[in-house]
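User: I would like to learn how to read a few backbone features in a model, one at a time. Please take me through them with the structure in view.

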Amino acid sequence: MSEVIAHVSPETLPAEWYWSEEAWQVERREIWAKHWVLIGREAQFAAPGDYISTVLAGYPIFAIKGKDGTVRAFHNACRHRASPLVQECEGHVDRLSCPYHRWLYDFEGRLKGAPTMEIDKDEYGLFPVHCAVWRGLVFVSHDPAMALESWLEDIAKAALRYPLEELQLAREFTIEADVNWKTYGDNYAEAWHIPTIHPGLNASIDMASYKIATVGHTLQSHMADARDGGKTDGFWVWRLPGLFFNMYNWGMNVAQLEPTGPRSMRLTYRYFTKDLDPAKQEERDALIDWAYMVAKEDIDICKAVQKNLEAGIYDRGRLSSVHENGVIQFQELVASAHR
Ligand code: FES
Ligand SMILES: [Fe+2]
């Protein structure tokens, strides 16, 4: 009998997976290293030497535009004694020269200068990372299980009504929080909390119309109509593990979740709108501020949940097949990485 109940309301993942170093090592290797992560926009790479740096699955990396116009990505680690090569999140270098002892690399990652050393420079190029561009967005991966186009196929179809190339970047910002990436994922994967945690959003969308559809371990889509007079409708699509296309009647937010350690995450929001008409600036700002407030409400509940996951009294709860089908899908993906 208990087996039947377990099938109907599955158990959540163990709390320890939300903070332990062991779980983080499994997930960075088995999940994050195998998928693509959005790190920036092609427009940020205007000239050769323009770069973006970030941490991908626990490894510091950077992407840089070459003299041939191609953006390439590398581990941000000098092959001499492992100093980071670039320092800023975003910047420009005329020469890729290590700030520690001045080993010099070209933008294709080849070692060009190693003063006083008798070494074969061909053996000490930078460690490459896969890098690909899709509709003006730059993605990286350590070990992609599939090519970027295939990886994006389902989400690209879902986002057809939003031709990204024609949208303009209205605002970009990052939220860092002491929250395990799965605490955020669990929260994103259900709408059950909207009436309790997001009174403003609840007043805008028609919760009776809210639906969550799942596809294998790859895609999750949320749909809701606007209430009469509500600020927004919503069509939110999540390419697991961490890419979100949040589409509204007024524009689109492309968001990327990145774990930065066992107990910390980063969320980058990029809001695009159909035009940047200055006359509509105020209206645009108000909508984005409003969406930011909803995001903050999520982060606040995630921080509180994270504290309890780390405290040691709670281990595993149960999930509702009615309200948490998205959480069940997400947790199955995570559990499969731990098997
Ligand atoms: S660590 Fe880069 S030159 Fe020494
Ligand atoms: Fe939420």
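User: Where is P241 placed relative to the strands?

Analyst: Strands, like helices, are DSSP runs numbered from the N terminus, with at least two residues (E) for a strand and at least four (H or I) for a helix. P241 lies in the loop that links β14 (234-239) with β15 (243-248), and the peptide bond leading from L240 to P241 is cis, with omega near 10°. This is a predicted model, in which local features need pLDDT of at least 70 and side-chain atom pairs count only at pLDDT 80 or more, whereas totals for chains, interfaces and linings use all residues. Residues are numbered from 1 along each chain as its sequence is written, and chains are lettered from A and ligands numbered from 1 in the order in which they are written.

User: Is A57 buried or exposed?

Analyst: A residue is called buried if 20 or more other C-beta atoms lie within 10 Å of its own, exposed if 12 or fewer, and partly exposed in between, the C-beta atoms being placed from the backbone. A57, in the loop between β2 (50-56) and β3 (59-65), counts as buried because it has 23 C-beta neighbours inside 10 Å; its phi is near 50°, a positive value in a residue other than glycine.

User: How do the strands β6, β7 and β8 form a sheet?

Analyst: Strands of a sheet pair through backbone hydrogen bonds, either parallel or antiparallel. Pairing is assigned here if DSSP finds at least two bridges between two strands, and the order β6-β7-β8 makes an open, antiparallel sheet. β6 and β8 (111-113) stand at its edges, each with a single partner strand, so one side of each has no neighbour in the sheet.
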